[in-house]
Amino acid sequence: MKQSVADRIFSVTVYAVLGLTALLVLYPLFFVLIASVSSPQLVLSGDIWLWPRDITWRGYEKLFANEEIMRGYGNTMLYTAVGTAVNLAMTVAGAFPLSRRDFIGRQWMAGLMVFTMFFSGGLIPTYLLIKQLGLLNTFWVMIVPGAVSVWNIILMRTFFQNGLPFELQEAAAIDGCTNLRILWRIVLPLSAPILAVMVLFYSVGHWNAYFQALIYLSDRDKYPLQLILREILVQGETKDMVDVSEGSLSGSVLDVESIKYAAVIVANLPVLLLYPFLQKYFVKGVMVGAIKG
C-alpha cells in the first residue's frame, strides 16, 4: 500500500523522535564506558566526548585489586541467584492457585494480597520484626523480606488465566495428573515468556538492591556490591584504592575519577548482558493483561 505524503512525514517524525530519544538514553552509558578507559585528565578537561583517548586500564586495575569490591561482587551474585530462585518459586506458588477456577476463595485471597500493596507496617516496625525473627545481619535478611512481590503474582496469575487454556489442565486432570504435576508438566513449560520476565524483574531488583543492606547489615563481609559502590560514588571513599605515595596528590585525584567510571561499568555490565538473552520473551511477557479476550 502506497503511503501518502502525510504518512511519510509522520513516519519520518516518529523515527527522528525515537532516534533522538535513543541517543539521549544511550550516550551517557557510552560516555561512561569510554571515560573509564581514557585518561582521567582528558575526561576532567572535557576533551573526551566521542572516542576514548590515551587508553588506560588503571581504574579497572585499582578496582579489581580491592578485596571489598570482589567480596561485594560475590555477595551480590549470591544474593541475586538465591533471591531470584526463591522469588520465582514463591511467585509461581502464589499465582497458580489464584489462576485456578476451582480454587474456592481465590478472589478473597487475592484481595488480601492487594491490600498489602497499599498499606504496610513502615520502616521501624519492619526493622523490629526483622530483629525479632533473628534475621538481622544475616544472609537471609536480603532474601526473605522481599521473597515475593504481589504485583508479580498478579502478572503471572493473569498470564496463567489468559495465556493458557484451562482445558489443558482439565484434560491432564482427567488423565490422572495431580495439581503439582499439572503445574510442573503443563503450566511451567508453556510459561517461558512470563518466567523470563519474572527472572529479569527479580534479578535486576536484587542486583541493584542496597537499601536493605544499608538498614539490616552491619558486617562489611556481607555487604553487596551496590553498598560498596555507594561508598565510592556517593561518599567518595576511595582511600583504600589509591595510594598517595605512588605519586602526587593530583595523580591520586585522577585515579579516583577513573575508579568511579570503572565502578559504574562493572556494576551494570552483568545486567546489560542479561537483557539480550531474555529480549525475545520480554515484550510478550510485559503485555500480559494488556489485551482481554
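Me: What does "partly exposed" mean here?
Reply: Buried means under 20% relative accessible area and exposed means over 50%, with partly exposed in between. The model to which this is applied is a predicted one.

Me: Why is asparagine 137 called partly exposed?
Reply: Its relative accessible area is 24%.

Me: What makes aspartate 54 exposed?
Reply: Aspartate 54 has 55% relative accessibility. Exposed means over 50%, so aspartate 54 counts as exposed. Its place is in the loop between H2 and H3, and its phi, near 50 degrees, is positive as well.

Me: Why is tryptophan 49 called exposed?
Reply: The relative accessible area of tryptophan 49 is 54%. The cut-off for exposed is over 50%, therefore tryptophan 49 is exposed. Tryptophan 49 is found in the loop between helix H2 (40–44) and helix H3 (58–64). Together with Leu20, Leu23, Leu24, Tyr27, Leu50 and Trp51, Trp49 makes a nonpolar surface patch of about 800 Å².

Me: Why is the pair of phenylalanine 139 and tryptophan 140 called edge-to-face?
Reply: The centres of the two rings are 5.1 Å apart, with 85 degrees between the planes. Rings pair if their centres lie within 6.5 Å, and planes over 60 degrees apart count as edge-to-face, so phenylalanine 139 and tryptophan 140 form an edge-to-face pair.

Definitions and conventions
Residues numbered from 1 in each chain as written. Predicted model: local features only at pLDDT ≥ 70, side-chain atom pairs only at ≥ 80, totals over all residues. Heavy atoms only, no water. Patch = residues over 30% accessible without salt bridge, like charges linked within 9 Å, V, L, I, M, F, W, Y side chains within 5 Å. Areas by Shrake-Rupley, 256 points an atom, 1.4 Å probe, with all protein chains shown as cover. Salt bridge = Lys/Arg side-chain N within 4 Å of Asp/Glu carboxyl O. Helix = DSSP H or I, 4+ residues; strand = E, 2+ residues; numbered from the N terminus. Buried < 20%, exposed > 50% of the residue type's maximum accessible area, 1.4 Å probe, protein only. Phe/Tyr/Trp six-rings, centres within 6.5 Å; stacked < 30°, edge-to-face > 60°.
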